[in-house]
Amino acid sequence: MKIRKYSIKELLEKGIFFLKKNVIVEGWIRSFRNSIFISLNDGSTIKNIQIVLLKKLEKETIQKITIGTSVKILGVVKKSLGKQQSIELELLDINIYGEVDLKEFQKTILQPKKHSLEKLRSQAHLRLRTNLFSSIMRIRHHISFSIHKYFHKNGFFYVHTPIITTLNAEGAGKMFQVTTKNKKKNLNEKDFFKCKTYLSVSGQLEAEMASLALGKVYTFGPVFRAENSNTSRHLSEFWMIEPEMAFYHLEENMNLAENFLKFIIQYTIENCIEDLLFLNDHIKKWNQKEETTLLKKLENILKYPFIRISYTEVINILEKSINKKKVNFIHPVNWGLDLQSEHELFLIKKYFKFPIIIFDYPSSIKAFYMRINDDGKTVRAMDILFPEIGEIIGGSQREERYDLLLKRIKNINIDHNELWWYLDSRRFGSVPHSGFGLGMDRLVQFITGMKNIRDVIPFPRTPNHAEF
Ligand code: 4AD
Ligand code: MG
């Protein structure tokens, strides 16, 4: 009879039904204690399976059993006497796939001791093997899956918007140019596309076109920003989820965004509890000052409606807090100026202590495509700010009126000819519509409790860093 191969996750979950059966598992050795107990991990779960070596092995094989070695194990399932696990494998046969270079191993982060996150980043190719990073990556997967699940369940279609574009969808900010020419000969007419092209900063404009045909759509892909922002919340290449809905007004957009975030968090709690508990303990160990546990923080988000407040009210709150000497800011607070992260952090950390949705921002600080309000000064924008993270979602109701959109584009000196197709959509059955962008990496940061965005994506891209 053919012996079946199991993932460690499957075996630990169902193994009690397989008692006395022979099974195969494959993975990397995490520890080898007293020349008897091997801990094996295959990435399918945070948990290791214990393999007990009762059989005498050749000295040559024993020497190869070290941390990091990859192996295939044939074993028989036994009830475990240890408290950690319900079952274990008694080894029948071992096959070594890849040995470990013991001299070089000393320099790697695979060595079982405490390493700083900076050190782990410098070995991004190996850090995925650690408990911390494999946990984060499994959670990241479940978050992605829950996003598709939510939209599918709610009648949205997934559209693939282009990565190479000719436009700056946000109307501002630096982009990465895409060219096949070297600098000297960089004549646009001779370049691959016969025009200047860039890596997209957002799929929104194309998603709008799709929503004006399909109703409710979303994109989920990488976007690129060449800003020199060296912070714990910025990547040069990050993943964004952008739903776009025909016939949605701002209010409905906000309702969707809130419901969507809560769904993802709920789904993650239900499906990633082992990894979340691991991260919970990890954070406690590293930062004893942390006030609340990761799980409590997540559950708390689900309890109440997010606070909704206009930009103008926010400015009032900030001004009052300054006047009452409750806070000091470096950047000025004035109606018309953009909110800086110190202002946002004050609002969510000190003032509200809960997610807030700020809406109706001054038009001068927001993108050209947002719908202008009757006051002529503000636009139907909304940002969602999360504790620890700051802005996690940015969205708006879009300007669907051709004349007003054209005026706005001209006012801020964008070449309207380049946007001809976008403007065109406002001439043939234009409808009120809305959408938003959720920063995937910031969301993973919030859910995993990681302080730096570079630690929630396998291979981060930031200014001066494109290795791996
Ligand atoms: O606010 P942003 O720039 O909005 C847009 O791009 C719109 N086109 C979205 C839309 O309405 N369809 O970006 C949206 C979100 C931010 O709220 C933030 O979470 C994230 O993307 N984000 C970043 N995440 C990581 N690194 C960066 N450099 C980011 N810039 C924005
Ligand atoms: Mg924004």
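Predicted model: local features only at pLDDT ≥ 70, side-chain atom pairs only at ≥ 80, totals over all residues.

## Salt bridges and a domain contact

R4 has a relative accessibility of 47% and therefore counts as partly exposed. R4 takes part in a salt bridge with E10, where the closest N and O atoms lie 3.3 Å apart. E10 is also partly exposed, because its relative accessible area is 22%.

E10 has another partner. The side chain of K14 meets that of E10 in a salt bridge, at 3.4 Å from N to O. K14 and E10 both lie in helix α1 (residues 8-14), and because they are 4 residues apart, about one helical turn separates them. K14 counts as partly exposed, with 37% relative accessibility.

Side chains of opposite charge can pair when their charged atoms come close. In this structure there are 22 salt bridges. The table lists some of them.

| Salt bridge | Closest N and O atoms |
|---|---|
| E10 and R4 | 3.3 Å |
| K47 and E274 | 3.1 Å |
| K366 and D383 | 3.1 Å |

Where in the chain is K366 placed? K366 sits in the loop between β13 (356-362) and β14 (378-386). Its relative accessibility is 18%, so K366 counts as buried. K366 forms a salt bridge with D383, with 3.1 Å between the closest N and O atoms. This pair links distant parts of the chain, since K366 is in the loop between β13 and β14 while D383 is in strand β14, 17 residues apart. Both K366 and D383 are buried. Salt bridges with shared partners join R4, E10 and K14 into one network. Apart from neighbours within four places in sequence, the residues in contact with K366 are Y361, V379, A381, D383 and R408.

The chain is also divided into domains: domain 1 (8-107) and domain 2 (126-159 + 243-306 + 354-453). The centres of domain 1 and domain 2, taken over C-alpha atoms, are 42 Å apart. In the contact between them, 8 residues of domain 1 touch 8 residues of domain 2. The size of an interface is often given as the accessible area lost when the parts come together. Between domain 1 and domain 2 the buried area is about 670 Å², and carbon and sulfur atoms give 40% of it. W28, R30 and I46 supply 69% of the area that domain 1 buries against domain 2, more than any other three residues.

Between domain 1 and domain 2 there is 1 salt bridge. There are also 4 residue pairs in polar contact between domain 1 and domain 2. The side of domain 1 that touches domain 2 has 2 nonpolar, 4 polar and 2 charged residues.

Definitions and conventions:
Residues numbered from 1 in each chain as written. Chains lettered and ligands numbered in written order. Heavy atoms only, no water. Domains from an automatic or database assignment. Contact = heavy atoms within 4.5 Å. Buried area = accessible area lost by both parts, 1.4 Å probe. Salt bridge = Lys/Arg side-chain N within 4 Å of Asp/Glu carboxyl O. Polar contact = N/O pair within 3.5 Å; in protein donor to acceptor, adjacent residues only side chain to side chain. Nonpolar A, V, L, I, M, F, W, Y, C, P; charged D, E, K, R; others polar. Helix = DSSP H or I, 4+ residues; strand = E, 2+ residues; numbered from the N terminus. Buried < 20%, exposed > 50% of the residue type's maximum accessible area, 1.4 Å probe, protein only.
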